[in-house]
Amino acid sequence: MTVSLLGATEIRRLAAELDVTPTKKLGQNFVVDANTVRKIVQAADVQAGERVVEIGPGLGSLTLAILETGASVTAVEIDHRLVERLPQTAAERGVPDGALTVVDADAMRVTELPGDPTVLVANLPYNVSVPVLLHFLETFPHLQRGVVMVQAEVAERLAAKPGSKIYGAPSVKAAWYGPWRLTGNVSRQVFWPVPNVDSLLVGFHRDPEPRGDEIERRRTFEIVDAAFNQRRKMLRQALSGIFGSSAEASAVLEAAGVTPTARGEDLTVDDYHRIARVRQDG
């Protein structure tokens, strides 16, 4: 059975049927171009038989492109109207029974995913993209790789390397789980409504072994937040609130092999992890 994708006309018809109007509040911009959703799926290297989780499937354009590969999809959607309509849309477009599971939930609060998906694919709302990604990576260790479409600025930050002006707390926290890379450009014209920002595809692969346990992750992220909350300050000053004084911070940094006069954007995720371990051992 062949899965047929949605075009601009069908998407607008579905939206009218459900009385759904894309809103800036929810960061909704529906993709109305079949070539673009296929491009996202190809960038994620989705294979037949894989289980994919999609965050915010909306009217289903990207969902159908994933299902077209022969993969199965667990879709997490917060809008009850879309939750109820999506299975019907899938059936009408040739999706076999059992290939799609829709979870009616807020992606920021979901803690269980049917089928333990290993691939994440999504067109993420601009206003929640980083928190949602970090929540999924933290909560679902079986996610091994993924590609998401986000605001260009967000994608660049997620993939940024130490030493760049856009390298920040999201860059380090994302790198905790594995490497990130930019995987493609997306035209504004493929969205309805057309957004006033550019979008990029960004992908990740989870490291084969966890970098550290949950306690180490939390301590590392606390240090990352402190470092970038005062990113213009030297680390010995930026971290003085955590360690009690600049002198104590300097001692911890030196024990971790980090120069106390460095700044937050100079450090890799491994550097931050070492600081957290020294703090723990101390």
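Q: Is Phe 228 buried or exposed?
A: This is a predicted model, so the reading applies to predicted coordinates. A residue counts as buried when its relative accessible area is under 20%. Phe 228 has a relative accessible area of 11% and is therefore buried.

Q: How is a pair of aromatic rings described, and what are the values for Tyr 167 and Phe 228?
A: Such a pair is described by the distance of the centres and the angle of the planes. A search of the whole structure finds six aromatic pairs. In the pair of Tyr 167 and Phe 228, the ring centres are 6.1 Å apart and the planes stand at 70 degrees, so the pair is edge-to-face. Tyr 167 belongs to the loop between α6 (152-159) and α7 (169-175), whereas Phe 228 belongs to helix α8 (residues 214-229), so the pair ties together parts that are 61 residues apart in sequence. Tyr 167 also counts as buried, at 4% relative accessibility. Ring pairs link Tyr 167 and Phe 228 with Tyr 272 into a cluster.

Q: Which ring has the charged end of Arg 217 over it?
A: The ring is that of Phe 221, and the charged end of Arg 217 sits 4.9 Å from its centre.

Q: How do strands of a sheet pair, and what is the order of the seven strands in the open sheet?
A: Strands pair through backbone hydrogen bonds, either parallel or antiparallel. The open sheet here has the order β4-β3-β2-β5-β6-β9-β7, with mixed pairing. Its edge strands, β4 (100-104) and β7 (180-186), each pair on one side only. From one strand to the next, the twist averages 20 degrees.

Q: Which elements of the sheet does helix α2 touch?
A: Helix α2 (residues 34-43) packs on the sheet and touches β5, β6 (145-151), β7 and β9 (199-205). The direction of α2 makes about 165 degrees with that of β7.

Q: How many bridges join β2 to β5, and how many pair β6 with β9?
A: Four bridges join β2 (residues 51-55) to β5 (residues 119-123), and these strands run parallel. Within that pairing, Val 53 stands opposite Leu 120. By contrast, β6 and β9 are antiparallel, with seven bridges. Six bridges pair β7 with β9, again in the antiparallel sense. Val 202 of β9 is the bridge partner of Val 148, and Leu 182 also stands opposite Val 202.

Q: Why is β9 described as largely enclosed?
A: Six of the seven residues of β9 are buried, so the rest of the structure largely encloses this strand. Ser 199 lies in β9 and is buried, at a relative accessible area of 3%. Beyond its neighbours in sequence, Ser 199 has contacts that include Tyr 126, Met 149, Asn 185 and Phe 191.

Q: Which residues have the most contacts inside the largest nonpolar core?
A: They are Phe 136, Leu 239 and Ile 275, in a core of 57 residues. Apart from that core lies another, of 42 residues, with Leu 5, Leu 14, Ile 40 and Val 119 among them. Leu 239 touches Ile 223, Ala 226, Ala 227, Ala 249 and Leu 253, leaving aside residues up to four places away in sequence. As for Phe 136, this residue is one of those buried in α5. Eight of the 11 residues of helix α5 (residues 129-139) are buried, so the helix is largely enclosed by the rest of the structure.

Notes. Residues are numbered from 1 along each chain as its sequence is written. This is a predicted model: local features need pLDDT of at least 70, side-chain atom pairs count only at pLDDT 80 or more; totals for chains, interfaces and linings use all residues. Side-chain values use heavy atoms; hydrogens and water are left out. A nonpolar core is a set of buried Ala, Val, Leu, Ile, Met, Phe, Trp, Tyr and Cys residues joined through side-chain atoms within 4.5 Å. Buried means under 20% relative accessible area, exposed over 50%, partly exposed in between (1.4 Å probe, protein chains only). Contact means heavy atoms within 4.5 Å. Two strands pair if DSSP finds at least two bridges between them. Helices (H or I, at least four residues) and strands (E, at least two) are DSSP runs, numbered from the N terminus. Axes are lines fitted to C-alpha atoms, for helices over the stretch in contact, and angles run from 0 to 180 degrees between N-to-C directions. Rings of Phe, Tyr and Trp (its six-membered ring) pair if their centres lie within 6.5 Å; planes under 30 degrees apart count as stacked, over 60 as edge-to-face and the rest as tilted. A charge sits over a ring if NZ of Lys or CZ of Arg is within 6 Å of the ring centre and within 35 degrees of the ring normal.
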